[in-house]
Amino acid sequence: MSDPLDALEKSISTLRRAIRDASAAGDTERASELRAQLRRAERAWDALLDADEPAPAPPRPVPEAAPAARGSQLPAREHVHRALMLLGTPAAPKLIVGVHEAFFPGELSASKLSSLRRDEERSYRSSPGARPYYLPPALAHDLLTPVRALVTISTWTLEQRIIGPHSPRVDFLTGAIRIAEAVHTAAQSRSGPSPEALRLLWRFAVNIPDAMPKSASGHENALDPEQVIEAAQAELDVHADADRAARAEASRRARKSLSDDQQLFGAPSQGVTHLRARA
Amino acid sequence: MKAPVDDRLAALRGSAKRRPYNARSLAALENNPRCTLRALLDASGSDKAAIAEHAGYPSPFGQSAFAFARGNTFEAMVKDNGCAELLRVLRETLKLTLPEVAYRDLNDVGGDGRNETRRDHTAEVLLQAAQGTGDGTLFDHPMLYLEVGGQEAFLEPDLVAFRIDGRFYIVEIKSFPIIDGQADPAQVRSATTQACAYVIALRALLEEAGIGPEAVSDTIVLVAPKDFTNRPTAAFVDARKQVSALTRQLARIERISDLVDLLPEGLTFDLDIDKDNKRPRRPAEELAEALEQVPATYRPDCLNHCEMAFYCRARARAEASLDVLGPAVREQLGGIDTVTMALGLARGQLTPTADQSDMAAALRHAARLRAELTGEVGGAA
């Protein structure tokens, strides 16, 4: 599950199915929007494949001491992309760094992330579509303005990138499931999950009802990824409908009222023109 | 009658820009309503911190960058990952049901952080929730508004939680620990007093839409680190008394005109700030003289919330006033105002008046006991 390629393939096939449904229903507007998304996803897939095999990643200015495992030399945005693909939800820089440290080699700092966010929009505006994917902010469901604190991937559907009232919790639970799955997979490998991964899972599990093992003795060893998945799924089922409805409604509005680039980077902020009189 | 009062207040403030009321000055209003100096400075919107500093008693408020950063980090941690920690804590205390997780961020309105815009947006979102037409359980940093003595005050609680059964709860996130279910009483008190202002402001907002005051609980939810860990826990704090006290004080604030009438003509706290180097041009002695003319009621807990506290303490000490020793001592020694008088009575050097005779006997007795214990000779008569 941790492989971004798998996730992309899954999203590509979902998109194909959605296009078929949309054209069958005669909704050409939606179909063409989905086609654009499909093209973006396919480009991302190509790029990832290229980046993965012989790893012709741009060299980093500071050479790493140890020839770390595959991918440690990737630029920051690739790291972020990989962490987000694992989570499958919009995430704050802190969580992205946490996921990265738990599951992937290489270095990624929160400060790098903040400069990254500025660069993404600039790079998109200067030549839209030049990169296989961008890392735009999430969009608020009411005003469709950027939610600066959350990073997403441009290849995701608009629904996935919108934050409704229930979305923070839904994304938290979804993230918990994905992390538990990754821990579960790692547990079956020879080296087992890293201590960081277990700690990350624990941080999620303590805040989900019934996700912690019943016995009050020793926490971390006894933490069961499957129990976390089950508990998170149980709560997720409670919120899923409300959240999906809010996201779908907002994305319909966004498709109608926003241009292509605004659908990625959000409607213009309100009140940016009202600079303080003294400034 | 109103205009002349406003003019007098403007004259007290002088050339400086008007300071709006905030949660801190409202807390001071509730904590020490009898203090004339504080009432005048707040009502005129004077910059208390600058005045105290120029008078030679700079206040250390808001200067600990560490405490500030610690508070912010803790709040961010509590609200991280879709308020995960906060939800757990509120599910335990407020018994929030599983579906009650909707979160509305009211920190800005689509990038617009101006107070007025945020206030209007907050009002819209909270009213929708109260009327059951919008969803939202957690409201992050709403911007509330309260009119205090004709002046606007913007108030920003850490969080407002809304339960399905139709009640709003003010949630204060503080970084002082709750150890074994106990927290520093002074800090709890200052947190609840702040929260009281939020309760009143939120009630005022709902009242405009015809929703009664019972929609806002006067029980505050205090979220703070548990024991010696960094994980949050929550506790209910009953703020009924403080809410009603502050409500009463706010209703009485109009009576500031009575206070103003007692002041000598031409009194001002103007610092006469130099436009170029931002330094006050008014001589410090002159300012001190002006301050001297207004009675202040010092209490030790003023140090927690009033910028003028150090000035007032020095003044109370210079007068050997019993205020310095706090309300416990003060109440014990009813009818006696100064330390000198109390000591004089205890040593029998002063002749008590008729209504002081009981107190004088008690003081002499205490002095005798003390003398016996310390082995001194001759303290008591």
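Visitor: Into which domains is chain B divided?
Guide: Chain B has domain 1 (2-61 + 264-298), domain 2 (65-250) and domain 3 (333-374), with bounds from an automatic or database domain assignment. This is a predicted model, in which local features need pLDDT of at least 70 and side-chain atom pairs pLDDT 80 or more, while totals for chains, interfaces and linings use all residues. Residues are numbered from 1 along each chain as its sequence is written, and chains are lettered from A and ligands numbered from 1 in the order in which they are written.

Visitor: How many residues of domain 1 of chain B are in contact with domain 2 of chain B?
Guide: Twelve residues of domain 1 of chain B contact 16 residues of domain 2 of chain B; contact requires C-beta atoms, placed from the backbone, within 7 Å.

Visitor: And which helix gives the most to that side of domain 1 of chain B?
Guide: Helix α2 (residues 23-31) of chain B does, with six residues; helices are DSSP runs of H or I, at least four residues, and strands are runs of E, at least two, numbered from the N terminus.

Visitor: Turning to chain A, how many helices and strands are there?
Guide: Chain A has ten helices and three strands.

Visitor: What share of chain A is buried?
Guide: Of its 279 residues, 40% are buried, meaning that 20 or more other C-beta atoms, placed from the backbone, lie within 10 Å of the residue's own.

Visitor: What does A:Leu201 contact beyond its neighbours within four places in sequence?
Guide: Its contacts include A:Ile179, A:Val183 and A:Leu223.

Definitions and conventions. Contact = placed C-beta atoms within 7 Å. Buried ≥ 20, exposed ≤ 12 C-beta atoms within 10 Å, placed from the backbone.
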